[in-house]
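Let's walk through this model together, one contact at a time. Keep the structure open beside you as you read.

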Amino acid sequence: MSDQRDAGSLPPQGPDGHGHRHDHGNDHGHGHEHGHGGGSARGRLGRLIGRAGHAFTPHSHDSAGKSDAALESSDQGMRVVAISFAVLMVTAVIQMVVVAFSGSVALLGDTLHNVADALTAIPLAIAFSLGRRAATRRFTYGYGRAEDLAGIAIVMIIAASAAFAGYEALQRLIDPQQVRALGWVAGAGLIGFLGNEWVARYRIRVGRKIGSAALVADGLHARTDGFTSLAVLLSAGGAALGYPIADPIVGLAITVAICFVLRQAAREIYHRLMDAVDPALLDQGEQILTTTPGVRRVGSMRLRWVGHTLRAEVDIVVDPGLSLLRAHAVAVEAEHRLIHHLPRLGAATVHADPDHLDGADHHAPLTSHR
């Protein structure tokens, strides 16, 4: 059933029956406008009939305000990507200078990890840039899913880092390398850890704030490289104490740690690709709906992520004695409350069903299709 309003129909009224306009500056920022009809009696009757046609059809708020909120979150993501790239490249340059005169293979591996981590900014930047584009007739939900594709690329980079770290650790175990300037190597390892940990915290914090699984996964990747930097620090300490074998042993231990982080990041991206959501969000949404005046109960509710915003599809059950206009007003109010009170919700489609007091199945023709 279509959710598009006819250009000549009156906008829907709220439960109080009066035309109104909302512009809210909260996290879900949105605007919707309801006006007053005018013109001849025939024109008003035609518009009322048009409005009645929407009473039991899905209703959705799409507004400039919500677009502004989505753009703001994409701007935050782009800012994180740019700052992270700069910090990690500065860290890598410092480490590369130390590699040049120390001959540390461990530090070389850590430096390459930092460069790889910085390069993950490229798929993220592309994803956030695509996510800013408006929906089209081909990509009707927009381009938010580009973030999930970026997440896959990041998981692959983490896997490659784990494989490279393991390979280097085994090579050093078989053929230990003499390392010079251990103090400088340890200092460079510490710088690598601090830089990666700062970037990891920044990415994860903002990624969770804007709901970007890809950015969270990239933050976890930065944390793995921080662990690798600590391995350089520990291996330098072991070599200074006369235990050169500490370098490859610690390297293997860090490889195992990277694999655990890889599992966590892959699981997060897998859940996003499979449209998984936190069940607590469903509980919260159902609670919002059941406390909406006119809603007898919630028939069904589905949520999915598109990029870093949620979309909802809801069936509510209302009094079958309500007029079509009044049932539509209940659906509008239910959607309105969801948008304001359910975190990260960018759009909702609400369908009103009449209660089955007479025992009739109002969806009988659709039974075989569900």
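Axes here are lines fitted to C-alpha atoms, for helices over the stretch in contact, and angles run from 0 to 180 degrees between N-to-C directions. Helices (H or I, at least four residues) and strands (E, at least two) are DSSP runs, numbered from the N terminus. This is a predicted model, in which local features need pLDDT of at least 70 and side-chain atom pairs count only at pLDDT 80 or more, while totals for chains, interfaces and linings use all residues. Residues are numbered from 1 along each chain as its sequence is written, and side-chain values use heavy atoms, with hydrogens and water left out.

Let's begin with helix α7 (residues 213–240) and helix α3 (residues 105–119), whose axes come within 9 Å and cross at roughly 165°. Angles under 35 degrees count as roughly parallel, over 145 as roughly antiparallel, 65 to 115 as roughly perpendicular and the rest as oblique. α3 and α7 are therefore roughly antiparallel to each other. Their crossing is left-handed, a term for the near helix being turned anticlockwise from the far one by less than a right angle, with right-handed used if it is clockwise. Contact means heavy atoms within 4.5 Å. On the α3 side, the contact is made by A106, L107, D110, H113, N114, A116 and D117, and on the α7 side by D218, H221, A222, D225, T228, S229, V232 and S235. By class, this contact of α3 with α7 has 5 nonpolar, 6 polar and 4 charged residues; Ala, Val, Leu, Ile, Met, Phe, Trp, Tyr, Cys and Pro count as nonpolar, Asp, Glu, Lys and Arg as charged, and the others, Gly among them, as polar.

Now look at α7 again, this time with helix α5 (residues 146–174): the two axes come within 8 Å and cross at roughly 15°. That makes α5 roughly parallel to α7. The crossing of α5 and α7 is left-handed. From α5, the contact draws on E147, A150, G151, I154, I157, I158 and S161, and from α7 on A214, A217, D218 and H221. These residues divide into 6 nonpolar, 3 polar and 2 charged.

Next come the strands. Two strands pair if DSSP finds at least two bridges between them, and 9 bridges join strand β4 (residues 297–306) to strand β5 (residues 309–318), running antiparallel. R297 stands opposite V317 in β5. The two strands form a hairpin with 2 residues between them, and G307 in the turn has a positive phi of about 70°.

The side chains of D275 and R304 meet at 3.1 Å, N to O.

Technical notes. A salt bridge is a side-chain nitrogen of Lys or Arg within 4 Å of a carboxyl oxygen of Asp or Glu.
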